[in-house]
Amino acid sequence: MTGWEKFNTFAIWMLKVAYLNLLWIGFTLLGVVLFGLFPSTGAMFSIVQKWLRKEPVEKIFHTFWSIYKKEFISLNKYGIFFIMIGYMLVFDFLFLLKNAEKLQWLYPVIGFITISYIVTLLYFFPIYTQFEMKFFQYIKQSFLIGASALLETILIFTSCMLLMIIIRFIPGIIPLFTGSVLAVAITWCSNRALHRINSRKKFIV
């Protein structure tokens, strides 16, 4: 492959990523944000998963819309679950700030729960798009994989921080390269984590 062909392939890939990000934003708004965020994010991760597996996605919009409709109710159930837990954590943290002297011992507890929550949420979509499980099995497996794959989890957090730094200096990329770029990074890291875990199991057996 020549240098021009490599550049052309990269340019097409970036256009697809940008287009996917626009779909993610648009369909999130379509669901009035609250009810559109999780189905839209699930559709985005599903397409990214197909790309990384080199499965053909001929019509991105049609594929996105199909997944969005199919998973709308199911993913909104998880959305409500995660939003409720997140709200409780924010409430608890604010309560601790007002009663810092009396409840200092609770800071490590809330900190651990918050980190566990974030790790579970980061791994949720890659797990959801790959496996068929019951409701709380998705939550459990997302946490266990994130906790057992420390390197990949650190890589995901690093990717999030790098993207935030880039956005601070180039805010114009927000509509084009935010959610979709993170989805690529998170999916790649989670796939790597799953591969290592499966390899370990085979070695032990």
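What is the relative accessible area of F135?

Analyst: F135 has a relative accessible area of 28%, which makes it partly exposed; buried stands for under 20%, exposed for over 50% and partly exposed for what lies in between, with a 1.4 Å probe and protein chains only. The model is predicted: local features need pLDDT of at least 70 and side-chain atom pairs count only at pLDDT 80 or more, whereas totals for chains, interfaces and linings use all residues. Residues are numbered from 1 along each chain as its sequence is written, and side-chain values use heavy atoms, with hydrogens and water left out.

F135 belongs to helix α5, residues 135-148. Helices (H or I, at least four residues) and strands (E, at least two) are DSSP runs numbered from the N terminus. With 14 residues, α5 spans 21 Å between its first and last C-alpha, close to the 20 Å expected at 1.5 Å a residue; the expected span is 1.5 Å times one less than the number of residues. Y138, I139, S142, I145 and G146 are the buried residues of α5. They fall within an arc of 145° when seen down the helix axis, so they line one face of α5; the arc is taken over the directions from the axis to the C-beta atoms. On the face turned away from that buried side, α5 carries the exposed residues F136 and K140.

The structure holds 24 aromatic pairs, a pair being two rings of Phe, Tyr or Trp (its six-membered ring) with centres within 6.5 Å, called stacked for planes under 30 degrees apart, edge-to-face for over 60 and tilted for the rest. One of them joins F135 to F81, edge-to-face, at 6.0 Å centre to centre and 85° between the planes. Since F81 lies in helix α3 and F135 in α5, this pair ties together parts that are 54 residues apart in sequence.

F124 sits in helix α4 and Y138 in α5, so here the linked parts are 14 residues apart in sequence. F124 is buried at 0% relative accessibility, and Y138 is buried at 4%.

Ring pairs link F135, F136 and Y138 into a cluster that also includes F81, F124, F125 and Y128. Y128 is one of the residues nearest the centre of the largest pocket, which has a lining of 17 residues and holds about 400 Å³ of space. A pocket is found on a 1 Å grid over the protein atoms alone: an open set of points where a 1.4 Å probe fits, with protein on both sides within 12 Å along at least five of seven lines, and lining residues have an atom within 4 Å of a point. The volume is the space filled by probe spheres set on the points, which are joined across faces, edges and corners. The second largest pocket contains about 320 Å³ of space.
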